[in-house]
Amino acid sequence: MAGRRNGLAVLVEALRTWLVPYRYGLERWSYTLQRISGVVITLYFVAHIVETGYVVGGPSVWTIRPDAQQYAERVWTETIKFLSNPLFDAGLAIIGFFVAFHTINGIRLFLAHFGWGLGRPTRPEPMHRPQSMSPTQRALFWASIAFAVFALVYTTNAFFGVLA
Amino acid sequence: MVSERTLMLIHYLTGLGILVAGAVHIGTVFLTAPVKENLEFAGSPFAVMGVYRNAILAGSLEALLLFVAFHAFNGLRVILIELYQSPRWEHAVTWALTVVALLVVIYGTRTIIIAYSIAQGVA
Ligand code: HEM
Ligand code: HEM
């Protein structure tokens, strides 16, 4: 890198390499999707911990009050009433998609990092495919896409009952 | 400081841990009864209070909380230090994310402990 570049240029270049997987093969798609799914699930996770905090009555509750149970029940019932709308249902279906993808592709990365299911190293002749994307690894990548689509359909069905 | 090698090993191990604890969680919420029923406060065996009352399920939620908190914030750390490299930036990112992760773990643990106690008295 020639000298120090300004923060904006670094950011734009990084986002381009992360978010534009087109033209670099399956492995780049896997990388981009693993990142996006990781960040999306992390945001969901934090929101989910805040949400489940209302099971006991919300952020102000740190002790067991005498009416703890009635209070918690009232607050949680209001919370799920607030969360029961198509917007949150659709959000959960998208989370289902990303969680399913991240899980199976995570297993694929796990195996790859520990050297399982990879091809033998070869000379990098023109047009060769990287051995890190062996048939086994490609199959696992597609399995993660398939599982993600299944999860999307399953959660959509569970929350909207569209297939009922 | 903990070495990068150790952090990534824990990243992978927590990934495996999430696989197990996450399966238990998704299994209890989706597979034991219709989701809407399980999201109620009480009234069916795997409604919210039913889950927190059970020490094994409550313990597995705590495990899930710890695993995901580490895995998620370490993942963000990797992303942020790949974005830009300098010792000061790395230091700031690591500390900021450690604090946020701890806050999430403390808040979630509070929920589990109090919900466990309340649930003992729920029919
Ligand atoms: C189901 C079990 C899971 C497995 C097996 C798994 C596995 C993995 C693997 C192998 C990576 C790539 C690490 C790398 O190559 O640098 C990764 C990245 C990541 N994971 Fe997970 N993960 C799981 C669940 C989760 C969950 C539940 C979250 C969020 C709450 C999460 C958040 C992240 C983030 C933010 C990254 C990005 C780090 C990077 O790109 O290097 N993961 N995960
Ligand atoms: C969309 C599917 C999900 C639904 C409907 C759901 C619902 C719930 C519910 C109702 C609880 C309260 C305990 C219980 O009744 O079992 C809970 C707790 C919890 N969930 Fe989920 N969850 C989902 C996905 C996830 C995911 C993907 C993660 C991990 C990233 C997660 C992590 C947790 C944790 C850690 C707790 C314990 C929170 C605490 O008490 O502090 N959940 N969830």
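Arg35(A) places a polar side-chain atom 3.0 Å from an oxygen atom of ligand 1. Keep in mind that this is a predicted model. Ligand 1 is surrounded by residues from chains A and B, so its site is shared between the chains.

**Who surrounds ligand 1**

- The shell around ligand 1 holds 21 residues, and the closest are Arg35(A), His102(A), Thr103(A), Val68(B) and His71(B).
- By type, the shell splits into nine nonpolar residues, 11 polar and one charged.
- At least two shell residues come from each of α2 and α4 (86-113) in chain A, and from each of α1 (4-31) and α4 (55-83) in chain B.
- The top contributor is α1(B), which supplies six residues to the shell.

**Polar contacts to nitrogen atoms of ligand 1**

- On the chain B side, a polar side-chain atom of His71(B) sits 2.8 Å from a nitrogen atom of the ligand.
- From chain A, Gln34(A) brings a polar side-chain atom to 3.5 Å from a nitrogen atom of the ligand.

**Helix packing between the chains**

- The crossing of α2(A) with α5(B) is left-handed.
- On the α2(A) side, Phe45(A), Val46(A), Ile49(A), Val50(A) and Thr52(A) take part, meeting Val104(B), Tyr107(B), Gly108(B) and Thr111(B) of α5(B).
- The residues of this contact comprise six nonpolar, three polar and no charged.

Conventions: Residues are numbered from 1 along each chain as its sequence is written. Chains are lettered from A and ligands numbered from 1 in the order in which they are written. This is a predicted model: local features need pLDDT of at least 70, side-chain atom pairs count only at pLDDT 80 or more; totals for chains, interfaces and linings use all residues. Side-chain values use heavy atoms; hydrogens and water are left out. A crossing is left-handed if the near helix is turned anticlockwise from the far one by less than a right angle, and right-handed if clockwise. Helices (H or I, at least four residues) and strands (E, at least two) are DSSP runs, numbered from the N terminus. Contact means heavy atoms within 4.5 Å. Ala, Val, Leu, Ile, Met, Phe, Trp, Tyr, Cys and Pro count as nonpolar, Asp, Glu, Lys and Arg as charged, and the others, Gly among them, as polar. A residue is near a molecule or strand if one of its heavy atoms lies within 4 Å of it. A polar contact is a pair of N or O atoms within 3.5 Å; within protein, one must be able to donate a hydrogen and the other to accept it, and residues adjacent in sequence count only if both atoms are side-chain atoms.
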